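Subject: Structure handover

Hello,

Here is the structure for you to look through. Please open it first, then read my notes below.

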Amino acid sequence: PIVFFGLLLPLVVAFHIFMCILEDSGYLPRIATLVDKVFNKIGLNGRAIIPIILGFGCVTMATMTTRILGSKKERLIATFLLGLTIPCSAQLGIVSGLIAKLGFYYLISYVIIIGLIFGIAGKILDNFIKGESSTLFIDLPTLRIPMLSNIFKKTYYKSKSFLIEAMPIFIVATLVLGLMDAFGILKVVENIFSPIVTGFLRLPKNITEVFILAIIRRDYGAAGLVTIPTTKNQMFVALVTTTLFVPCITSFAMMTKENGIKYSLAIWLSSAAIAILVGGLIAQVFIA
């Protein structure tokens with residue numbers, strides 16, 4: 001509850017305020033129109049920019065917002081891309097602080113790699129998932145100054161809706177992870193995957209704990225990197241890998257609710273495989 005109300009809910013409210021300002025000013029439909037042609041190439045239309053933007057606040061909330069998309073195919077693609085490539089605001093803040101210490105070259109490389117994975121994964125999913133994508137039909141209202149009363153009302157009702165849906169999922173997911181930790185299951189997982197971390201990814205063994213923490217919350221995992229001594233190249237590999245790593249357990253639960261356990265497991269396993277593959281390939285090139 002402390003994490004939910006102290007960290008997650010304020011971010012949700014802040015992003016709802018931001019989105020309501022864009023919506024009430026009439027600018028949000030224009031953003032959707034601007035990105036429509038680009039998103040068409042990966043099986044989405046411009047409306048998908050809304051959950052993508054929200055994903056930088058909270059992927060759990062953004063997954064719920066994919067309901068606005070016009071077809072099941074679009075919802076599946078958007079949900080996959082959210083779970084794979086979009087860091088939540090808490091994780092993004094930590095990653096930004098760590099990568100700033102590495103230098104501009106690493107920052108540009110990070111953005112390019114994550115952007116490429118977003119585009120490649122979207123294109124593959126567009127070809128693989130059956131069904132048709134909807135066309136963007138949207139009115140472009142006149143630009144206007146947002147009304148504070150409208151912003152506060154929309155923010156209140158949207159945040160309330162998120163609270164009602166996400167809070168039970170958050171509690172159950174945290175309880176499950178706590179039980180796994182209490183029975184030593186997480187320690188077993190750490191021992192199993194240590195060879196991959198030290199071998200293929202060429203990272204220190206204790207970074208295995210970072211990936212385990214990322215399962216609970218992505219920002220917990222990113223924060224764990226702060227205390228682990230690494231070279232610049234090792235830190236870069238770790239940042240890319242943790243960004244692409246599995247959705248946090250709360251997001252996974254929301255994905256299961258929205259699309260079923262089969263698809264959410266596919267996202268979880270695919271994200272883990274892609275993260276390790278991409279991180280490992282980078283490590284083979286940059287880490288001697």
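Which side chain meets Asp 24 in a salt bridge? The partner is Lys 154, at 3.5 Å from N to O. A salt bridge here means a side-chain nitrogen of Lys or Arg within 4 Å of a carboxyl oxygen of Asp or Glu. Lys 154 lies in helix α8 (residues 148–182) and Asp 24 in helix α1 (residues 2–25), so the pair ties together parts 130 residues apart in sequence. Helices are DSSP runs of H or I with at least four residues, numbered from the N terminus.

Some ground rules. This is a predicted model, where local features need pLDDT of at least 70 and side-chain atom pairs count only at pLDDT 80 or more, while totals for chains, interfaces and linings use all residues. Residues are numbered from 1 along each chain as its sequence is written, and side-chain values use heavy atoms, leaving out hydrogens and water.

**Salt bridges**

The count comes to 3 salt bridges. Asp 24 is buried at 6% relative accessibility. Lys 154 is partly exposed at 25%. Buried means under 20% relative accessible area, exposed over 50%, and partly exposed in between (1.4 Å probe, protein chains only).

Another salt bridge joins Arg 67 and Glu 258, with the closest N and O atoms 2.6 Å apart. Arg 67 sits in the loop between α4 (59–65) and α5 (72–85), and Glu 258 in helix α13 (residues 249–259), so this pair ties together parts 191 residues apart in sequence. Arg 67 is partly exposed at 41%. Glu 258 is also partly exposed, at 23%.

Asp 126 and Lys 73 meet in a salt bridge too, at 2.8 Å from N to O. Asp 126 is in helix α7 and Lys 73 in helix α5, 53 residues apart. Both are buried.

Helix α6 (residues 89–102) has 14 residues. From first C-alpha to last, α6 reaches 20 Å, close to the 20 Å expected at 1.5 Å a residue. That expected span is 1.5 Å times one less than the number of residues. Buried residues in α6 include Val 95, Leu 98 and Ile 99. Just after α6, Gly 103 takes a positive phi of about 125°.

Ile 112 is in helix α7 (residues 104–128). Ile 112 is partly exposed, at 48% relative accessibility.

**Cysteines**

The search of the whole structure finds 0 disulfides. A disulfide is a pair of cysteine sulfur atoms within 2.5 Å. Cys 20 is buried at 0%. Cys 248 is buried at 11%.

Best wishes

Note on methods:
Helices (H or I, at least four residues) and strands (E, at least two) are DSSP runs, numbered from the N terminus.
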